[in-house]
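Reader: I would like to learn how to read strands and helices. Could we work through an example together?

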Amino acid sequence: MCPLLLFLSLFLSWTKQTLATDPSMPFMEYLDQDRLVCLKWGYDNLQGHITFQLVVNSTGWVSFGLSPNGGMKGSDIVIGGLGPDGIYFTDRHATGNSMPIVDEQQNYTLLSGNENEGQTTITFQRSIQTCDDKDFHITAQPIKLIYAYGTTDEISYHGARRGTKEVNLLNYMPKTNSANAKYLLAKVDNITVPPVSTYYHCKIMKFPKLNTKHHIYQIEPVIENYDVVHHMLLYHCPPFVTEPYDKQCYMGDVGDACFGVAASWGVGGGVYELPENVGIPVGGEVNDVFYRLEIHYNNPHNKTDITDSSGLRLYYTAQLRQHDMGILTTGLISLSKLKLDIPPKAPQFHIYGICNTTHFSELVNPVPDLQVFAVLLHTHLAGRKVRVGHFRNGKQEGFLGLDENYNFEMQQTVNLGNVRTIQQGDEITVECTYNTSNRNEITKFGLGTTDEMCLAFIFYYPAIKIKSCISHPNTTYLSNNRNDKTPGDTSDPDKIAEYETVLKTLPQVQVISSDMKFSVHPDGVIRKMIETPTVACQNLSYSVSGPNGNASSKLCTSWIVNTAGIIVLLIWIAIM
């Protein structure tokens, strides 16, 4: 009984401290699942300061950072704590998975720090827009926040005491569910994961009957084996899929035809909540629809004796939202008679997939304007960058998706800062950049983790019946007597560059699908994409008074210039 009382006392103390309202820091997120690391923050205006308070259930060193992809490399990090000699706090940056380097210019100002009842609290501040190239540029886009901590004040390797969570600091939307929230569960039950590096398991199922239409508004992963579950996709099935099953995917079964993406989760991702005016329709007239849950197990060490019961929890409501949501699959996908390989020893190799929405009217009429609010980007292990260009009348409007630091282990669905409109006739180009410098053989496109993919899942409203709009270069034009096939036997940069150029100039075979109807167009063209926007800033000096006296810092204005004069910084995830 005494241990229970002690636990309740500590829990209530922790809850009271972390949930106490501070008008200057109205936002709060737990960064870990066990609620041991709490971040509170607030800001005055977008050109001013942002204040953070980090509360960690430890009396050792604590750290917090802003990361381009959820990892350490390229991250902007602070480390602090209370040691035998008092408070310590430094502004640092990481060049890899090693001790972060102390910045020459200290742009974070420590406001306070204390230890109380086994917890360390540090409060600090910085300009939202600093001009230090070692600091992460904060925008009104989701940012990967990272944390780590130790059990002593000796700053050393954190082990498992670290994590990441994506949060939009300047456009925060808390995710909450009431105790009476209703949900549907799409999951497998105690399946055996074989000891192979890549395994896809599919379950064809129906949901419990809902007599009227409802909207799914939140998708929550239920993961039993985080070390092997890499992604989960829930697909709508066409009407001719009428029987359930639970077995390995892509074995020639009828459920292989289920390819209308309804919901998703990818490694590194967490709970995803849809915007308040959008929902995934379920129930009512679509009660008899079957769904296919696909789980990709990534088991590179061929572990044995793994059973799994992972899946997705789908929260729904009878209060219908304004729009039904759709997901459009774009990019490049393997077509049976067209071969495409990535050569080895290529430090930077580009592949493209296109979608010309002019052809949508062949399958759907009328075609409304599509309002894009989120995107999910996907390659496999060799992928380094993904860019999704948006073109109108042959001119690039901007980017629907942009991840210059793609990480296979950190894939999440990312909300756009503002909704983008795709009009009929607009074009979408997905560009994937691969690095095969450490590979000695060609890389094929396929399902395996060591194969490759190049996909962008575009979240939009209102939903239409178009499920995918993908393409593939028509490689049948590659002649047998020219040296424009995959240069698999050479590391000559000139030959690799020549092969990439040839692929880019080949006609693109476009395939647009709507349920089981298809529209094929063999003459697609890859548009030239603009350079990735960069940040420029102007410096104005000012002083901030902190606990250690006046600290020099900077105030700057910054902007990103492109053809549309807009900013889109997208990072994510969430499949394969």
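This is a predicted model: local features need pLDDT of at least 70, side-chain atom pairs count only at pLDDT 80 or more; totals for chains, interfaces and linings use all residues.

Reader: What do strands of a sheet pair through?

Author: Strands of a sheet pair through backbone hydrogen bonds, and the pairing is either parallel or antiparallel. Here an open sheet of 6 strands, with antiparallel pairing, runs in the order 7-6-5-4-10-11. Strand 7 (101-102) and strand 11 (162-167) are at its edges with a single partner strand each, so one side of each has no neighbour in the sheet.

Reader: In what order do the strands of the open sheet of 4 strands come?

Author: The order is 27-32-29-30, and the pairing is antiparallel. On average, neighbouring strands of this sheet are turned by 20° against each other, direction ignored. Inside the sheet, strand 29 (residues 383-392) and strand 32 (residues 427-434) pair over 8 bridges, and His390 has Ile428 in strand 32 as its bridge partner.

Reader: Now a helix. Which residues of helix 2 are buried?

Author: They are Ile496, Tyr499, Glu500, Val502 and Leu503. Seen down the axis of helix 2, these buried residues fall within an arc of 160°, so they line one face. The face turned away from the buried side carries the exposed residues Pro493, Asp494 and Thr505.

Reader: What covers the buried residues of helix 2?

Author: The cover includes strand 26 (341-342), strand 27, strand 35 (466-473) and strand 36 (508-514).

Reader: Which residue caps the N-terminal end of helix 2?

Author: Asp492 does, with a side-chain oxygen 2.9 Å from the backbone nitrogen of Asp494.

Terms used
Residues are numbered from 1 along each chain as its sequence is written. Side-chain values use heavy atoms; hydrogens and water are left out. Two strands pair if DSSP finds at least two bridges between them. Helices (H or I, at least four residues) and strands (E, at least two) are DSSP runs, numbered from the N terminus. Axes are lines fitted to C-alpha atoms, for helices over the stretch in contact, and angles run from 0 to 180 degrees between N-to-C directions. Buried means under 20% relative accessible area, exposed over 50%, partly exposed in between (1.4 Å probe, protein chains only). The arc is that of the directions from the helix axis to the C-beta atoms. Contact means heavy atoms within 4.5 Å. A polar contact is a pair of N or O atoms within 3.5 Å; within protein, one must be able to donate a hydrogen and the other to accept it, and residues adjacent in sequence count only if both atoms are side-chain atoms.
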